[in-house]
Amino acid sequence: MAYWLFKSEPSTWSWDQQVAKGRTGEEWDGVRNYQARNFMREMKIGDLGFFYHSQKEKAIVGIIEVCATAHPDSTTDDECWDCVDIRAVKPVVHSVSLDMIKADGRLDDMILVKNSRLSVQPVQESEWEIVCELAGISP
């Protein structure tokens with residue numbers, strides 16, 4: 001299993017909207033960055049990810065699961081863009097802010113710290129465990 005982080009502006013797509021999609025989940029569409037697209041192409045069903053609210057909140061607010069592997073993004077006719085489907089698994093007990101992540105020296109190499117603009121990114125297993133600890137949930 002691999003771990004990921006998915007960033008969304010809550011005004012565009014929020015954790016509550018993701019939860020409302022239930023077990024069927026929703027396409028993680030509209031990504032127009034080649035590196036983020038390539039990460040989605042690596043994903044497998046059952047991989048887990050952090051759901052991160054960007055903009056003002058800048059915090060991890062939930063856990064998602066990949067429920068469909070990479071397929072053409074339905075929001076464009078351009079064949080080069082793919083997406084995956086994700087579904088909500090559970091909210092975190094305590095949201096984990098970007099400031100908290102940056103303040104924890106164990107997470108200095110996390111891509112979120114080094115490249116906070118990338119909308120889809122991998123998370124190392126050790127980082128996953130640390131963030132889950134900060135979030136008050138078991139990894």
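Predicted model: local features only at pLDDT ≥ 70, side-chain atom pairs only at ≥ 80, totals over all residues.
Local features need pLDDT of at least 70 and side-chain atom pairs count only at pLDDT 80 or more, whereas totals for chains, interfaces and linings use all residues. Residues are numbered from 1 along each chain as its sequence is written, and side-chain values use heavy atoms, with hydrogens and water left out.

**View 1. Burial of strand β3 (residues 48-53).** Strands (E, at least two residues) and helices (H or I, at least four) are DSSP runs, numbered from the N terminus. Six of the six residues of β3 are buried, so the strand is largely enclosed by the rest of the structure; buried means under 20% relative accessible area (1.4 Å probe, protein chains only). Leu48, Phe50 and Tyr52 lie on one side, and Gly49, Phe51 and His53 on the other.

**View 2. Pairing of β3 with β1 and β4.** Two strands pair if DSSP finds at least two bridges between them. Strand β1 (residues 3-8) runs parallel to β3 and is joined to it by six bridges, with Tyr3 opposite Leu48. Strand β4 (residues 59-72) is antiparallel to β3, also over six bridges. In β4, Ile63 is the bridge partner of Phe50, and Gly62 that of Phe51.

**View 3. The β3-β4 hairpin.** Five residues separate the two strands, and Gln55 in the turn has a positive phi of about 70 degrees.

**View 4. The open sheet.** Six strands follow the order β2-β5-β4-β3-β1-β6, with mixed pairing. Strands β2 (26-27) and β6 (120-123) stand at the edges, each with a single partner strand, so one side of each lacks a neighbour in the sheet.

Methods: Buried < 20%, exposed > 50% of the residue type's maximum accessible area, 1.4 Å probe, protein only.
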